[in-house]
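The sequence and the structure are shown first.

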Amino acid sequence: MAIDTGFDESAAEGAFATIAALAEIDDLGRVADAYRETMRAAYWDDKDVHIVVAVAYAGVSRLLTEAARVDVDDETEYALRSAAKGLTYDLASFTWVGWDEPGIEVSPSERAAGLAAARSNLAMAYSLDKGDLAISRAHWMLGAHLLTAGDTVNAAGAFEQAARHARMADEDADAALSEAFIVLAGLAGGSASAAEFADALEELRDVDGGADLAPQVDTARSVIGV
């Protein structure tokens with residue numbers, strides 16, 4: 001009797017074929033866009049998170065390898081590392097279950113890959129000196145993954161950092177969004193009330209641009225079931 005290992009051979013073949021095709025691109029100016037566009041097509045068109053993860057890992061590895069070459073000038077190195085950071089952000093976003101995108105299923109291993117990508121994206125935001133807004137959003141993405149993983153205390157800490165850097169960047173909507181997620185983390189962890197959550201949502205809606213962001217918080221609350 002055959003043993004079910006859980007290994008999806010057809011999915012693996014699809015991922016390998018996609019990565020092999022991307023590896024044929026030798027124009028460094030096109031490499032980052034090719035990986036990014038392939039990831040987005042896999043997510044939005046094919047609803048295939050397996051391909052998203054595989055392409056992201058291959059893309060980040062290639063970009064960082066190219067950036068480490070001795071003949072690469074400083075400007076090109078920074079651009080390649082920045083592109084790699086962008087792929088880690090996209091990977092973290094595409095593997096976050098809190099979006100609750102129709103047709104998207106994210107396995108536990110893919111969620112773990114997304115959390116690792118969120119940590120890498122945050123580290124690179126600092127090391128590449130990307131500025132307060134990028135750092136804020138990197139903290140937010142890490143907090144989002146920690147929240148849906150059940151680590152509400154560290155999620156709240158990440159959202160607090162996100163709010164602080166958003167304020168430093170004069171991005172009031174980003175700050176209010178992070179503050180609403182702080183309360184959501186507290187609600188999930190038992191340290192905040194439903195009334196406090198409702199007040200945080202109302203404050204978010206009152207900020208310019210916040211009304212468009214408020215549904216993200218409601219959706220995340222529904223996903224984590226609080």
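A salt bridge is defined here as a side-chain nitrogen of Lys or Arg within 4 Å of a carboxyl oxygen of Asp or Glu. Under that definition, Arg-62, Glu-66, Arg-69 and Asp-71 are linked in a network of salt bridges. The model is a predicted one, in which local features need pLDDT of at least 70 and side-chain atom pairs count only at pLDDT 80 or more, whereas totals for chains, interfaces and linings use all residues. Residues are numbered from 1 along each chain as its sequence is written, and side-chain values use heavy atoms, with hydrogens and water left out.

Side chains of opposite charge can pair when their charged atoms come close. In this model the count comes to 11 salt bridges. One of them joins Asp-90 to Arg-40, with the closest N and O atoms 3.5 Å apart. This pair links distant parts of the chain, since Asp-90 belongs to helix H4 and Arg-40 to helix H2 (residues 28-45), 50 residues apart. Helices are DSSP runs of H or I with at least four residues, strands are runs of E with at least two, and both are numbered from the N terminus. Asp-90 is buried, with a relative accessible area of 10%, while Arg-40 counts as partly exposed at 40%. Here buried means under 20% relative accessible area, exposed means over 50%, and partly exposed lies in between (1.4 Å probe, protein chains only).

A further salt bridge is formed by the side chains of Glu-179 and Arg-167, at 3.1 Å from N to O. Glu-179 lies in helix H8 (residues 172-189) and Arg-167 in helix H7 (residues 152-168), so the pair ties together parts that are 12 residues apart in sequence. Glu-179 is partly exposed at 31% relative accessibility, and Arg-167 is partly exposed at 39%.

Within helix H9, Glu-202 and Arg-205 are 3 residues apart, about one turn of the helix. Their side chains meet in a salt bridge of 3.8 Å, N to O. Glu-202 is partly exposed at 41% relative accessibility, as is Arg-205 at 36%.

Glu-196 is also found in helix H9 (residues 194-206). Glu-196, Asp-199, Glu-203 and Asp-206 form a negative surface patch. Patches are made of residues with over 30% relative accessible area and no salt bridge, like charges being joined within 9 Å and nonpolar side chains (Val, Leu, Ile, Met, Phe, Trp, Tyr) within 5 Å. With a relative accessibility of 42%, Glu-196 counts as partly exposed.

Which side chain does that of Asn-121 contact? The side chain of Asn-121 makes a polar contact of 2.9 Å with the side chain of Lys-85. A polar contact is a pair of N or O atoms within 3.5 Å; within protein, one must be able to donate a hydrogen and the other to accept it, and residues adjacent in sequence count only if both atoms are side-chain atoms. Asn-121 lies in helix H5 (residues 108-127) and is buried, at 0% relative accessibility.

The loops contain backbone features of their own. Most residues other than glycine have a negative phi. Asp-100, in the loop between H4 and H5, has a positive phi of about 55 degrees although it is not a glycine. Asp-129, in the loop between H5 and helix H6 (132-148), has a positive phi near 55 degrees and is exposed, with a relative accessible area of 63%.

Technical notes. Areas by Shrake-Rupley, 256 points an atom, 1.4 Å probe, with all protein chains shown as cover. Lys, Arg positive; Asp, Glu negative; His and termini not counted. Charge placed at Lys NZ, Arg CZ, Asp CG, Glu CD.
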